[in-house]
Amino acid sequence: MWGQAIWPVTLECGDLLLRPIKLRDKAEWTRVRTRNAAWLEPWEASNPAGQGQLPTYGGMVRVLNQQAREGSALPFIITERLPNQPKPAIVGQLTVSSIMWGSAMSATLGYWVDQGRAGRGIAPTAVAMATDHCLRQLGLHRMEINIRPENTASLRVVEKLGFRDEGLRPRYLHINGRWADHRSFALTTEDVPGGILDRWLATRR
């Protein structure tokens, strides 16, 4: 299963929507990222070659869309319906990447959320939505999330959702100018036969 069989797709839960990232989102996306620059900087991917720049917004979207067409990524914008706003506002980004079919049937998930909307359940709800979609609708077997040990906010997200801690990966990714350790968390279909979104929402009632 790949290409148009899996993308585009929009996922919805209450006021939260995960939808495909688009070139026309640039102005709003840039405003949110600029406002959150200091909040996100410690966790930002960087260029290990020490030269050049990471992709522009347009370059990022084109690469993500190409990966989506190839069936190796699901590039979502996290949006939320807010009072007195004509359309859902961008409050973050979530990308399912490194999708492997065949004998692996696995993927990796990464995300960020607007600091002004943090602590409201957006991150765990979005992660649960995307994970359930991948494991239940697409038929993947495993979802993995890699988190810096210092990133306590993201560690709380995987703890709330019941992801299994699979240990430390030394110098796993180049982050904010250096090779950084990460802790690896995962779920397989056997861990959550009924999915995780309903289970997570039940804890909030």
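Student: Why does Asn 176 count as partly exposed?

Tutor: Buried means under 20% relative accessible area and exposed means over 50%, with partly exposed in between (1.4 Å probe, protein chains only). Asn 176 has 42% relative accessibility, so it counts as partly exposed. This is a predicted model, in which local features need pLDDT of at least 70 and side-chain atom pairs count only at pLDDT 80 or more, while totals for chains, interfaces and linings use all residues. Residues are numbered from 1 along each chain as its sequence is written, and side-chain values use heavy atoms, leaving out hydrogens and water.

Student: What else sets Asn 176 apart, and where does it lie?

Tutor: Asn 176 is not a glycine, yet its phi is positive, near 50 degrees. It lies in the loop between β7 and β8; strands (E, at least two residues) and helices (H or I, at least four) are DSSP runs numbered from the N terminus. Met 105 also has a positive phi, about 50 degrees, without being a glycine. Met 105 sits in the loop between β4 and β5, and its relative accessible area of 22% makes it partly exposed.

Student: How do you know that β4 and β5 are joined, and in which sense do they run?

Tutor: Two strands pair if DSSP finds at least two bridges between them. β4 and β5 have 7 bridges and run antiparallel, so they meet that condition.

Student: What makes β4 largely enclosed by the rest of the structure?

Tutor: Of its 12 residues, 9 are buried, so β4 is largely enclosed. With β3 it pairs in the antiparallel sense over 7 bridges, and Leu 74 stands opposite Val 96 in β4. The open sheet has 8 strands in the order β1-β2-β3-β4-β5-β6-β8-β7, with mixed pairing.

Student: Why are β1 and β7 called edge strands?

Tutor: β1 (11-13) and β7 (164-175) each pair on one side only.

Student: What makes up the largest nonpolar core?

Tutor: A nonpolar core is a set of buried Ala, Val, Leu, Ile, Met, Phe, Trp, Tyr and Cys residues joined through side-chain atoms within 4.5 Å. The largest has 45 residues, and those with the most contacts inside it include Leu 74, Val 96 and Phe 163. Helix α4 (residues 122-137) gives the most to this core, with 9 residues. A second, separate core of 11 residues includes Ile 21, Val 32, Leu 40 and Val 61.

Student: How do you know that His 133 is buried?

Tutor: Its relative accessible area is 9%, so His 133 is buried. His 133 lies in helix α4. With contact taken as heavy atoms within 4.5 Å, and residues up to four places away in sequence not counted, His 133 touches Val 9, Leu 11, Leu 74 and Leu 138.

Student: Why do the buried residues of α5 line one face of the helix?

Tutor: In α5 (residues 152-161), the buried residues are Ser 154, Leu 155, Val 157, Val 158 and Leu 161. Seen down the helix axis, they fall within an arc of 150 degrees, so they line one face; the arc is that of the directions from the axis to the C-beta atoms. Their cover includes β5, α4, β6, β8 and α6 (197-202). After α5 comes Gly 162, with a positive phi near 80 degrees.
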